[in-house]
Amino acid sequence: MNLQVVYCNHQSANLSIRERLAFAGDKLEAAYRELASRFRSSEFVVLSTCNRVEVYSAQESPDAAPTRKQIAEFVSEFHRLPLEEFSDELLAETGPDAVRHLFRVASSLDSMVLGEPQIVNQVKEAYRAAQDHNACGPLTHAMFQGAIRVSARVRSETRLAEGRVSIASVAVSDFGRGIFDRFDDKRVLILGAGEMAEETLRYLCEEGVRQVVVVNRSLAGAEKLAAQFASVGARPRSWEALDEELALADMIVSTTGASEPVVDVNRFREARRRSGEKPVFILDLGAPRDFAPAIADLDDNVFLYDIDALEETCDQNRKARYREIEKAQLIIDEEAERFMQDVYHMATGPIVKRLREQWHDVSRDELERLRSKLAHLSPADLDIVERGMERIVNKLLHPPLEALRHEAKSGTPQGLIDALKRLFHLRD
Amino acid sequence: MPIDFFAKVSVFCFLASYVMALGLDAARLMKRWPVARWIGLVFGLAGFAAQTGYLLIRGRQEHLPPLLSSPHDWLLVLAWIVVLLYLFLTWADRELAVGLFLLPVVLLFVGASYLVSKQPNPLIAGNRGLVMLHASLLVVGIAGVVGGVLLSLMYVIQHRRLKQHHASQPGVLLPSLARLARWNWWAVVVSVPVLTLGLGSGVALGLTSQETGTVLSFSDPIVLGHGVVWVAMMSLFAWLLTTRRSTGKQVAALTLWAGGFLLVILIGLQVLSLTTFHSGAKTSLRTRHFRFEISNLKSQTSNLKFTGGPS
């Protein structure tokens, strides 16, 4: 039995290599076809995301297993990329280490952002694609179903996936959702047109925001950003409209990059005078800050967050996730060990079956002989004799089967299987 | 399940269940333990079942529905309503830290029930229907005020967290300020008219009791206390409906003060009323009525049949 993963990820290979090795779109189907033609008796699952390219293989017979070199050659030829360009970045694990690797990947312990939730869906998607291409078999089925189960266990028994770790998600989920019930009726003012504004706006759109106004010193910049979010009705306005928009907004995201605060206390007080004391959520993502810090104390309904406040929460959440690694690793080790025991035990299945059948056949033959010799026995007496013989067979079977089970805990008990075959003349 | 199953249930049984449920909810603050919520819910359900059985048994013993049996039972009915709310919200939202707010109030009511009278309300002898209406309206109104107080408390905590930039704690989340403010507004706007009707029916009860010869004085400390808290709540109610630019925090703060005042007065007066009864140092109007009416009531109980609700 052989389990193997040949892979490169964000730790071993840079993006330029990963993107050239990726099996995206139509390439995946061709890759499965090629793998099937090269390694007929193997099962495969290819996991290809922006952070990793991994080829999992498994087969009952170790003799027919593809080696790391063979998989590397396949990747090289498939992508028409010289092997020496990526060979050092290509890693491999076999046996329990391969299983442990998959469980770590699915549980997001191997992700760039620890605990991120997308990876388990990508693992599920890769597994589904392998099934669609008839590349899976009993071993890969067990491995990937096990990985999905382990991921769920890690998620529910640890805090690995808890707490947001990006500025935009912390701002909206931890604080915005604490203030507002819904976002689809909120007016969002984007001040500046930087990348951070774009990322936060994207997150807000996922939360259902439908009214967006972009105000920028350069109207062209505002128009460009607004055009990207035209689907949610984003519209640009000139810098002169800032005071009017400050009074109308429920949420303000500011990333102007100005060297001094754009909105001082007096300017915002005037806006509050016009808007009333409705709750306003301000994300000041500029450095230096765009909003004077004293604005937070203007009234009870002004909620002002600068980048430091948000980064602090991100850091706390990140540290909290790192504290959970050990706990998650324990779960993964325990599950990988159990999985390997099951796999090894599965390998003893045919021999156990044959041994049982052979001994029960002998017992049935003897029983028939007894029936013909002891014709005076009633059916009830014969039934007692039959059950007694069954018990004897089961008791005799118990020690060798127990020995097999015990040996299977640390690997396929090949020696014991061979010994049983020779001792009891069991044929393949 | 036969009602006799609950014959040996004491107040301590469900009090202990609620303490356990509260302890498990509090443990979630310190350590993530998903099963704690379910175990807490089981303790809450066990306590609720025991309390329901206890109230039914008490009603059967007194031949009166629990709302009318005694101040002891009346407080337990109030606690029962709050527990029902706790169970529903805990079941409906697994992230909501509702037990940490509702269960202490339940413990307060159940604990206070130890200190108040178990004697039947003497006024039942006069006009049972009106007494029932009075007690029901008061209990629903006060439950609404309790809800308002707890929502306000949640609002203040959530507001403080947001102002101080503290991340929310997974597993013990609070609703948004917008939702808390909305619920709080409704809790006050609904409960104050109900309380008003409750007090109005109390006044009617007082007047009819004088006509029928049963003595009820409007200078009774409990009656006066209810009157004072009603004025406080009514002021809040009027302010809520007339102020156009009130902020959620102002509403929460006022509800907290007015509602908290109501609960302190309500429970304080009930407890003090019994203390004077027991000490014998100073006999209040109310206790004199109790002594007088209990003998009347006992002679009439044979004529009353309790079938699990007001007949």
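In this predicted model, chain B has a mean pLDDT of 75, and 76% of its residues reach 70 or more. Helix α5 of chain B (residues 99-113) has the highest mean pLDDT, at 89. Helix α10 of chain B (residues 285-301) has the lowest, at 40. Over residues 275-311 of chain B, the pLDDT is below 50. Beyond near neighbours in sequence, this stretch still has 47 contacts in the model. The model as a whole scores ipTM 0.70 and pTM 0.65.

Chains A and B touch. The contact takes 22 residues from chain A and 17 residues from chain B. On the side of chain B that touches chain A, α6 and α7 (177-211) of chain B each supply at least two residues. Helix α6(B) gives the most, with four residues. By class, this side of chain B has six charged, six nonpolar and five polar residues.

One helix pair spans the two chains. Two packed helices are described by the angle between their axes and the distance between the axes. The crossing of α7(A) past α6(B) is left-handed. From α7(A), the contact is made by Phe175(A), Gly178(A) and Ile179(A). From α6(B), Gln158(B), Arg161(B) and Leu162(B) take part. By class, this contact has three nonpolar residues, two polar and one charged.

Methods
Residues numbered from 1 in each chain as written. Chains lettered and ligands numbered in written order. Predicted model: local features only at pLDDT ≥ 70, side-chain atom pairs only at ≥ 80, totals over all residues. Left-handed = near helix turned anticlockwise from the far one by under 90°. Contact = placed C-beta atoms within 7 Å. Nonpolar A, V, L, I, M, F, W, Y, C, P; charged D, E, K, R; others polar. pLDDT = per-residue confidence, 0-100.
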